[in-house]
Amino acid sequence: MVRTYRFRLSAYTIALVLFLMLTLGYTYVYSRGVILEEAENNLTSTAQILNSNLELEENELLHYAEIVRDDLRIKEYMFMTAKVGTDNEALVALLDRQFGWLPVERAVIIANNGKILVGEEHTDLAEYLSQHDPKADVFYFQGKKGLEMVAWASVAYEGIQLGAIALTHVLNSAWLEQLRQTSGGYLFIEENGIIQLSTLTDSIGGIFAPTLDGRVVLANEPYRIRPLILAGPQKHAPRIWYGVSEKELLMKLERHSRLVLIFTVAGALAILWVGLAIIRNFNRPLSQLMHMTRKVASGELPRMNKSVPRNEIDMLSNQFAEMLQALREKQQEIEQAHKELEESAITDALTRLYNRRYLQEVFPRILSQAQRESLHLTGILLDIDHFKQINDQFGHLGGDQCLIQFSRLLRDTCRASDYVFRIGGEEFLILSINDNKQGGQLLAEKIRDIIENHPARLGETIIPMTTSAGVSHAEYSLAAQEALSHLLLHADKALYEAKISGRNKVIADTDADTLSAYPVNAVS
Amino acid sequence: MHANRFFMIVGNIARQIPFIKAGVAVLLAIALYLPTAHSDEDPLMGAGAHFAWIVFDAIKEDLEKTTGRNIILFGENSMLGVGCNAGIKAAKQNAPGHETFGFVCCPLSDKEVRENQLKVWPLAKEPILILVRDDNPVNDLSEEQVRGIFRGDITNWQEVGGADKPIVLVTRLHCKDRPGHWKLILPDAKEFRQQRLNVKSAAAMVQRINDFGSAIGHTGSTWKFKPSDRVKALTINGIAPTAENLANGSYPFYRQLSAVTNKTPTKDVVKVIEEAQYGPSFRKVAQQYNLLPSNPLKSDDVAQSR
C-alpha cells in the first residue's frame with residue numbers, strides 16, 4: 001500500500017500543498033516585517049528627497065536674491081536712496097520693472113541703518129530683518145502670511161555696505177499640497193507643539209507631540225514622522241514634518257495578507273487538482289494493467305481493449321493487450337496440436353478408427369452408460385475374409401485400400417453413438433448400445449451385406465471383400481476389464497464360428513458352453 | 001524614377017568637375033581683384049558718435065543724391081559699436097573699395113590726430129542739455145549753481161529754490177582724454193561729486209532722470225527723446241540751449257561735433273562730408289536739434305568748387 005504509486009502521488013501532492021502553504025505563510029510573516037522595514041526606509045528616503053527639494057528651492061530663492069543684489073542699477077538706486085537720501089520711488093519702480101517677473105512672494109530691501117527702502121507694507125518681515133541678524137543666507141520666518149522661506153543677500157556698492165535684499169516664498173497650503181504630491185503621505189508645519197498647517201486638514205491646530213522613536217498620535221491615529229531640515233537657525237523656528245499613517249500602512253498589510261491567503265488557497269487547490277488529475281490519469285490504466293496481470297498469472301488470458309495511445313501508459317497497455325492476443329493465439333495453436341496428438345494416440349493412422357488402446361480407455365465409460373440406461377451393449381468383432389490372399393494378390397497397397405474401404409463402410413453404416421475400433425491387422429470391433437440384443441446382430445448383418453456389395457478399388461482394379469462377424473453382449477456383473485475380456489472372448493468365439501462355417505457370415509454368441517471348444521489363442 | 005534622375009545629375013556633375021574647378025579659380029581671382037578696384041556700386045560707410053545716426057540718417061537721401069553713392073550708417077544697433085572711438089576706427093579703416101569715415105562728438109587732441117593720421121572735419125557745435133525730470137519745479141539754474149551741484153556743493157534742491165529733496169546727480173564722463181564737452185562744466189572728473197550715478201550711455205542717462213524725481217544730468221541735444229520720457233532741459237542763467245545762444249556765446253555748455261577721415265579720403269567721402277559742412281540739408285536738421293553749424297552755408301557752385 002505504502003509503496004504504490006497512488007499512495008506516493010497522493011503523498012507528494014499533500015507534501016506540495018503543505019510546502020506551498022508553509023512557503024506562503026513564511027512569505028507573509030517575513031514580508032510583513034519587510035513591509036514595515038521598507039515603510040521606515042521609505043519614510044526616511046522620502047524625507048531625504050523632500051529635504052533635497054527644499055534645499056533646491058532654498059538655493060533657487062537665494063539665487064534670485066543674488067541676481068537682484070548683483071544688478072548694478074539696484075546698487076546705484078539703493079545707494080541714492082540709502083546714502084543720498086532720495087525717496088524710494090526710483091528703487092521701487094526699478095525693482096518692479098526689472099525683477100517683477102521673479103516668482104517670489106515678497107521682496108524687501110532694507111538699508112544698513114534698518115530703514116526700509118522697499119517693502120514698507122511688509123513691516124513684519126522688514127522689522128524682523130532690521131532687528132535680527134539672520135546669520136544665514138536662507139532662513140524661515142513666521143510672519144503674517146504664514147511660514148515663509150526667506151533668502152537674504154547683503155548689498156555693497158563701491159565698497160560701501162548699503163543694506164540687504166530679502167525675497168520670500170510663502171509656505172502655504174498650496175505649497176504643502178504640491179510638496180505632498182511629489183511624496184505622498186502627509187506634511188505638517190508645527191511651531192511650539194501646535195500644528196500651524198498641514199495636508200491633513202483635520203489636524204490643524206492640534207497638538208503635535210512627537211515621541212523619540214519618530215511617532216506622533218493625531219486624532220487617535222498613530223503616524224510615523226520624520227522632520228525636514230530647514231536652513232537657518234532652528235531655535236524657536238517652525239518645523240516641517242513628513243509623516244505616513246500607520247493605519248494606512250496596516251491597511252496595506254491587510255490587503256497584502258488577503259492576497260497571500262487567496263494565493264495560498266488557489267495554489268493549494270491548483271496543486272490538489274493537478275495531483276488528482278495525475279493520480280487519475282496514471283493510476284487507472286496502471287490498476288487495469290495490474291488486474292490483467294493477475295488474471296494472466298492465474299492462467300487466464302483475458303481480452304483487453306486497445307485505446308488511442310496518448311501517453312506512455314496507454315502505449316504500455318496497448319502493448320500488453322497485443323501480448324495477451326499473441327498468447328491466446330499461441331494457446332489455441334497448442335490446444336489444436338494437443339488435440340491432434342490426443343487423436344493420433346487413440347486412432348489408427350490408416351483407417352482413422354479408434355485403436356485398441358482407446359478401447360481399453362473408453363470401454364468402462366461405455367459400459368457404465370449402457371448399464372445406467374439399462375440398455376444392451378453389443379460387441380461386433382469383424383474380420384476381412386482372406387485378407388492374406390488379398391495382400392498376396394493385390395499387394396500391400398491393395399490390402400491398405402481394402403482396409404480403408406472397409407473402415408469407411410463401417411463408419412458410414414454405424415450410428416453416431418456407436419464406437420468403431422481397429423483392434424488388429426484386419427480385425428475391427430464395433431460397440432453398439434441397443435434396446436435389445438437383436439439390434440447388434442442386425443447391424444452386423446447389415447454391415448456384412450454392405451461390405452460384400454462394396455468392393456475396394458486399387459486404380460481400375462476391383463477388389464471384392466467379404467467379412468465375417470461375431471456378435472456378443474457385455475456382461476454387466478463383471479468389472480469393466482473383465483467385461484471387455486469377456487465380450488471380446490465371446491465375440492471372437494462367434495467370429496471363429498463364422499469363419500469355420502464358411503466365412504461371410506454373422507454368428508451371435510448365444511451359448512456360453514461353446515466357449516470351451518474355442519481355442520484360447522484364436523482370439524489374439 | 002526620381003532616384004535614377006538624381007544619379008544621372010550627380011554623374012553629369014562629376015564629369016564636369018575639371019571645368020567647375022577652373023570656374024571657381026576664375027571667380028576667386030575676380031574676388032581677389034575687386035577690393036582694389038573702385039566701383040560706384042560700393043557703399044560709403046560711416047560710423048561713430050550717436051549724433052551721426054540721428055543727424056546723418058536724416059540727410060542721407062540728400063547725400064546719396066549728391067554723390068550718386070549708397071551710404072550706410074552704422075549706428076545704435078551695430079555690432080561695430082558707437083561713440084567717438086568707433087568713429088576714429090572707421091576713419092582709419094578707409095581704403096579703396098572700402099570707403100569709410102567716422103564721427104566724433106568732441107574735439108580730438110592734437111596728439112590723437114597726429115598718431116592716428118586723421119583729418120578732422122568740423123561740423124557743428126551741440127549744446128549740452130542740463131536735464132531734470134519734468135516734475136521738478138526748478139526750471140533754471142545759474143552756471144555756478146550747475147557747477148555747484150555737479151561738484152557736490154549743492155546737494156538739495158531746496159538750495160536752488162526747489163523742493164526739499166536730495167539731489168541725485170547723474171553723470172556720463174566719457175572721452176576723458178579729450179577736451180571740451182562735460183569738461184566745460186567741471187574740467188576734471190575728480191572734481192565731480194562722489195555720490196553720483198555714473199552711466200555709460202545717453203539712453204541710461206535719460207532713464208535715470210526718468211526714474212529719479214530729484215535727479216539732474218546732462219546729455220547732447222541730438223537725442224531723440226521718447227514721448228514717454230519725463231525729462232526737461234533747464235535754462236542756464238535764463239538762457240536756453242539753442243544754436244543762437246551758442247552762436248552768441250551766452251549758453252555755456254556745448255561740445256564740438258566733427259567728421260573724421262584718414263589722410264586720403266576719396267572724392268565721394270569728401271563730397272559727403274562737405275555737403276554736411278556746407279550743404280543746406282544739414283542746416284535743416286541742425287536747426288531741429290539746435291546745432292550750430294561750424295561752417296557757413298555756401299552756394300552750390302562754391303561747394304562744388306571746393
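**Entry 1: two paired strands in chain A**

I started with β11 (residues 376–384) and β13 (residues 427–434) of chain A, which pair in the antiparallel sense over 8 bridges. Helices (H or I, at least four residues) and strands (E, at least two) are DSSP runs, numbered from the N terminus. Two strands pair if DSSP finds at least two bridges between them. I picked one bridge: A:I380 has A:I430 as its partner in β13(A). A reminder to myself: strands of a sheet pair through backbone hydrogen bonds, either parallel or antiparallel.

This is a predicted model, where local features need pLDDT of at least 70 and side-chain atom pairs count only at pLDDT 80 or more, while totals for chains, interfaces and linings use all residues. Residues are numbered from 1 along each chain as its sequence is written, chains are lettered from A and ligands numbered from 1 in the order in which they are written, and side-chain values use heavy atoms, with hydrogens and water left out.

**Entry 2: the sheet around them**

Next I looked up the strand order. An open sheet of 5 strands runs β12-β13-β11-β16-β17 in chain A, with mixed pairing. Its edge strands are β12 (419–422) and β17 (506–508) of chain A, each pairing on one side only. On average, neighbouring strands of this sheet are turned by 20° against each other, direction ignored.

Which helix lies across β11, β13, β16 and β17 of chain A? I found α11 (residues 480–500) of chain A there, running at about 145° to β16(A) (467–473). Axes are lines fitted to C-alpha atoms, for helices over the stretch in contact, and angles run from 0 to 180 degrees between N-to-C directions. Contact means heavy atoms within 4.5 Å.

I moved to β4(A), residues 146–157. Is this strand mostly covered or uncovered? It is mostly covered, with 10 of its 12 residues buried. Buried means under 20% relative accessible area, exposed over 50%, partly exposed in between (1.4 Å probe, protein chains only).

β3(A) (residues 138–143) runs antiparallel to β4(A), and 6 bridges join them. A:Q142 has A:L147 as its bridge partner in β4(A). These strands, β3(A) and β4(A), form a hairpin with 2 residues between them.

I then checked β5(A), residues 160–170. It pairs with β4(A) in the antiparallel sense over 10 bridges. A:S154 has A:A164 as its bridge partner in β5(A). β4(A) and β5(A) form a hairpin with 2 residues between them, and A:E158 in the turn has a positive phi of about 50°.

**Entry 3: where chains A and B meet**

I turned to the contact between the chains. How many residues does it take from chain B and from chain A? It takes 16 from chain B and 14 from chain A. The area buried between them is about 1300 Å², and carbon and sulfur atoms give 53% of that. Buried area is the accessible area (1.4 Å probe) that two parts lose on being put together, summed over both. B:Q195, B:D211 and B:F212 supply 37% of the area that chain B buries against chain A, more than any other three residues.

The rule finds 3 salt bridges across this interface. A salt bridge is a side-chain nitrogen of Lys or Arg within 4 Å of a carboxyl oxygen of Asp or Glu. I noted the one between A:E76 and B:R208, with the closest N and O atoms 3.4 Å apart.
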